[in-house]
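Here is a short report for a first look at a structure. Keep the sequence and the model in view while you read.

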Amino acid sequence: MADLRRSTVFFTEQHLSYADILPPLEVRSRIEVAVLNFLKVLNSSTPAISILPMINRKKSNSRVNHGLLTEDSWIFLSRSFCTRSLMRENTTKSFMRVWKMMEMCYEILVKEKRVTQRELFYKLLCVSPDYFPSQVQVNQTIQDVVALLRCSRFSLGVMASSRGAVAGRLLLQEPDQEIVDCTTCGSSGYAISGDLNLLEKLTMKTDARYIFVIEKHAIFQRLAEDRVFNQIPCILITAKGYPDLATRFLLHRMSRTFPDIKILGLVDWNPAGLAILCTFKYGSIGMGLEAYRYACNIKWLGLRKDDLAAIPEESFIPLKPKDLQIAKSLTSSEILQDNYKEELAVMVQSGKKAEIEALYFHGYDFLGKYLANKIVQVDYI
C-alpha cells in the first residue's frame with residue numbers, strides 16, 4: 001500500500017500524512033517513547049507539562065489525492081499539526097483522554113487482544129466516567145491517538161464492528177476453512193467479519209463483471225432474494241447504511257484483487273445517499289490518516305436525476321433541515337465532481353428527495369430490470 005501512496009502523485013511523500021499498520025511491539029514502543037519524552041520534560045531543569053502534537057483532522061487540513069495513473073482518489077491530511085495541552089482549558093480533558101486511551105491500548109496489546117470501540121467505551125465508562133461519558137469521546141480519542149502515534153486504529157488493537165454483508169458471484173475462503181459460495185447464502189448474505197486481519201487473508205474468486213454497492217439492507221435482500229446475480233454477473237455488498245470500516249476495507253480489497261470489475265453504487269436520491277457514496281469513494285476526513293486503505297473507485301449508478309421521471313410524484317419526500325446541512329457540507333468540500341454537484345443542486349432547488357423503494361411502483365421485480373438498463377450507461381457516470 002505504501003507503493004500505491006508513492007506512485008499516484010509525485011508530491012505525495014512531501015505532503016501526505018498517513019497512519020502505518022504496525023506490529024504490536026512497535027506500537028507499544030511508540031507509546032513508551034511518548035511516556036519517556038513526557039517524563040524527560042517533566043524532570044528537566046525547567047520542568048513543564050509537554051503538549052501532545054498530532055495531525056490536524058479538520059476539513060481545512062484535508063485534500064483530495066487524485067491518482068495520475070489510475071482513477072482512484074481519496075481524502076488525505078497534509079502535515080499540519082494541532083495540540084492537546086493540560087495547560088489550556090479547552091483541551092485539558094482531551095489531553096487526559098489521550099493518555100488514558102494510550103494506557104488502555106497498551107494493555108490490550110500486551111494481552112494480545114482486540115476490542116471494539118463499544119467494548120472500550122464500557123470499560124472506560126467504568127474506570128474514567130468523567131472523561132468518557134459517551135461513545136463520542138472514545139471514538140474521537142482513538143483518532144487522536146492515531147494522529148499522535150501515526151499508526152492505524154487496527155494496530156492499536158481496536159477492531160471494526162461490522163454490519164456489512166455480501167452476496168452473489170463470489171467464492172470466499174478464510175484460512176483453514178471451507179470455501180463459501182456467496183450465491184448460496186440466502187437473502188441475508190455472508191456476514192462480513194470486523195477482523196481486518198482476517199479480511200486481509202481472505203482468498204477470493206469471482207467471474208462477476210460488476211459489484212453493486214447497496215445503501216440499504218432491505219434493497220440488498222430484495223436483490224439477493226431475486227438472485228439478480230443470475231441475470232447480471234455481479235456481487236452485491238451492503239453496509240446497511242453509513243459504511244462501516246470492515247465493509248469499506250473488504251470492498252477496497254475486492255477493487256485491488258479484481259481491478260477490471262466495475263464498482264457501482266445504488267443509493268437514495270438525497271444528500272445522505274450521496275454522502276454515503278462519497279465515503280466509499282474517498283474515505284472520511286476524520287480517518288484521513290488511513291483513508292486510502294478504505295477507498296475505491298465507485299461510480300454513482302442510481303438513483304440519479306434522470307431516474308426521477310420513473311417515480312410518481314406522490315413518492316417524493318420534502319428535504320429536511322438535516323438534508324440541507326449535509327448538502328451544504330458536501331458543496332463546501334473539494335471531493336464532488338462536477339456532475340455530482342449538478343445532481344446535488346437539483347435536489348436542493350427542488351426541495352425534495354426520493355428513496356430507492358419508490359421504484360417498486362413498477363413492481364417488486366423491477367429493481368433487477370432497472371440495474372440491467374443502468375449498467376449500459378456506466379461509462380458515462
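Buried means under 20% relative accessible area, exposed means over 50%, and partly exposed lies in between (1.4 Å probe, protein chains only). By that rule Gly-283 counts as buried, at 6% relative accessibility.

This is a predicted model: local features need pLDDT of at least 70, side-chain atom pairs count only at pLDDT 80 or more, and totals for chains, interfaces and linings use all residues. Residues are numbered from 1 along each chain as its sequence is written, and side-chain values use heavy atoms, with hydrogens and water left out.

Gly-283 sits in the loop between helix 11 (271–282) and strand 15. Helices (H or I, at least four residues) and strands (E, at least two) are DSSP runs, numbered from the N terminus. Arg-248 is 35 residues from Gly-283 in sequence, and their C-alpha atoms are 8.7 Å apart.

Another loop runs between strand 15 (298–302) and strand 16 (317–318), and it holds Asp-307. Asp-307 is buried too, with a relative accessible area of 10%. Leaving aside residues up to four places away in sequence, Asp-307 touches Gly-302, Tyr-370 and Lys-374. Contact here means heavy atoms within 4.5 Å.

Now helix 8. It spans residues 217–225, and its buried residues include Ile-219, Phe-220, Leu-223 and Ala-224. Seen down the helix axis, the buried residues fall within an arc of 135 degrees, so they line one face of helix 8. The arc is that of the directions from the helix axis to the C-beta atoms. An α-helix has 3.6 residues a turn, so residues three or four places apart point the same way. The buried residues of helix 8 pack against several elements, among them strand 7 (165–168), strand 12 (210–214) and helix 14 (366–374). Just after helix 8, Arg-227 takes a positive phi of about 50 degrees.

How many disulfides does a search of the whole structure find? It finds 0. A disulfide is a pair of cysteine sulfur atoms within 2.5 Å. The sulfur of Cys-105 has its closest cysteine sulfur in Cys-151, 8.0 Å away, which is too far for a bond.

| Residue | Relative accessibility | Class |
|---|---|---|
| Cys-105 | 1% | buried |
| Cys-234 | 0% | buried |
| Leu-42 | 33% | partly exposed |

Leu-42 belongs to helix 3 (residues 24–42).
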